[in-house]
Amino acid sequence: MVKFGSLFLFVLSLTVAGAQQLTAEELLKKTIEYHDPKANWQDFIGSFKVTMEYADKTRRQSNIQLNFPARFFSLEVQQDNATYRFTLAKDSCEISLNGTKNISEENSKKYRLSCERAAMYKDYYSYLFGLPMKLKDPGTHIDPVVALTKFKGKAYLRLKVTYDPEVGKDIWYFYFDPNTFAMEAYQFFHDESKNDGEYILLSGLETINGIKMPKTRAWYYNKDDAYLGTDILNK
């Protein structure tokens with residue numbers, strides 16, 4: 001007689017084995033269908049909030065607005081009794097601190113307020129909250145081999161991703177549930193031989209404009225599992 005636990009593991013192994021036969025392209029298609037079933041990300045218009053809780057800093061609240069068709073991005077950050085805002089609209093850039101655009105050089109340096117910083121934030125939030133859809137972007141190279149691996153105690157289907165040098169120099173790994181194809185973790189290395197970089201564990205979902213985005217991201221160093229912080233997504 002087959003015990004329930006043994007039967008469960010047997011069925012799970014068959015499910016995983018079947019999923020492992022997917023090509024990288026097929027796996028990416030399935031995870032995008034899970035997270036963005038109506039293909040809304042490409043023309044995303046909406047806003048969301050992110051609360052960042054750090055291991056060694058005060059909490060930061062960020063309000064993000066994205067309008068891809070209008071080429072618009074806005075980020076308002078509240079932290080340490082200061083509020084600063086970046087706005088990018090097509091080719092224009094505006095920055096304010098505590099409601100004024102007249103910002104001293106000292107405060108610009110203190111809060112790192114620049115149009116280059118605004119562009120960095122736009123790329124950062126568009127990338128992280130656009131995953132896994134952003135893996136279809138030009139300059140992205142996905143290893144054709146889908147690996148079945150164990151990561152932080154769970155079996156995953158893994159994609160290895162690299163980029164054209166002008167896009168990014170890090171090596172990324174993305175981990176997907178073999179049954180639902182939900183993206184549940186990812187990590188990056190600057191130099192994999194040094195085990196540097198970070199990994200991010202995802203939990204929960206927040207549906208925004210029909211897109212299932214990870215609710216919580218917990219960040220850790222690869223080298224020693226040291227905790228860095230957690231960001232929490234809200235509508």
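Where is the place of Pro132? Pro132 sits in the loop between helix H4 (115-130) and S6. This is a predicted model, in which local features need pLDDT of at least 70 and side-chain atom pairs count only at pLDDT 80 or more, while totals for chains, interfaces and linings use all residues. Residues are numbered from 1 along each chain as its sequence is written, and side-chain values use heavy atoms, with hydrogens and water left out. Helices (H or I, at least four residues) and strands (E, at least two) are DSSP runs, numbered from the N terminus.

**Backbone in the loops**
- Most residues other than glycine have a negative phi, and most peptide bonds are trans.
- The peptide bond that joins Leu131 and Pro132 is cis, with omega about 5°.
- Arg71, in the loop between strand S2 (60-67) and strand S3 (72-79), has a positive phi near 55° and is not a glycine.
- The relative accessible area of Arg71 is 42%, which means that Arg71 is partly exposed (buried is under 20% relative accessible area, exposed over 50%, partly exposed in between, with a 1.4 Å probe and protein chains only).
- Asp80, in the loop between S3 and strand S4 (82-89), also is not a glycine and has a positive phi of about 50°.

**Helix H2**
- The 12 residues of H2 (residues 24-35) should span 16 Å at 1.5 Å a residue, and the end C-alpha atoms are 17 Å apart, which agrees; the expected span is 1.5 Å times one less than the number of residues.
- Ala24, Leu27, Leu28, Thr31, Ile32 and His35 of H2 are buried.
- These residues lie on the same side of H2, because they cover an arc of only 130° around the axis (the arc is that of the directions from the helix axis to the C-beta atoms).
- Glu25 and Lys29, on the other side of H2, are exposed.
- Strands against which the buried residues of H2 pack include S6 (140-142), S8 (154-163) and S9 (171-176).

**Nonpolar cores**
- A nonpolar core is a set of buried Ala, Val, Leu, Ile, Met, Phe, Trp, Tyr and Cys residues joined through side-chain atoms within 4.5 Å.
- The largest nonpolar core has 51 residues, and Phe48, Phe174 and Tyr186 have the most contacts inside it.
- H4 gives the most to this core, with six residues.
- A second, separate core has nine residues, among them Tyr156, Tyr199, Ala218 and Tyr220.
- Beyond its neighbours within four places in sequence, Phe48 is in contact (heavy atoms within 4.5 Å) with residues including Ile64, Leu66, Phe129, Ile208 and Leu233.
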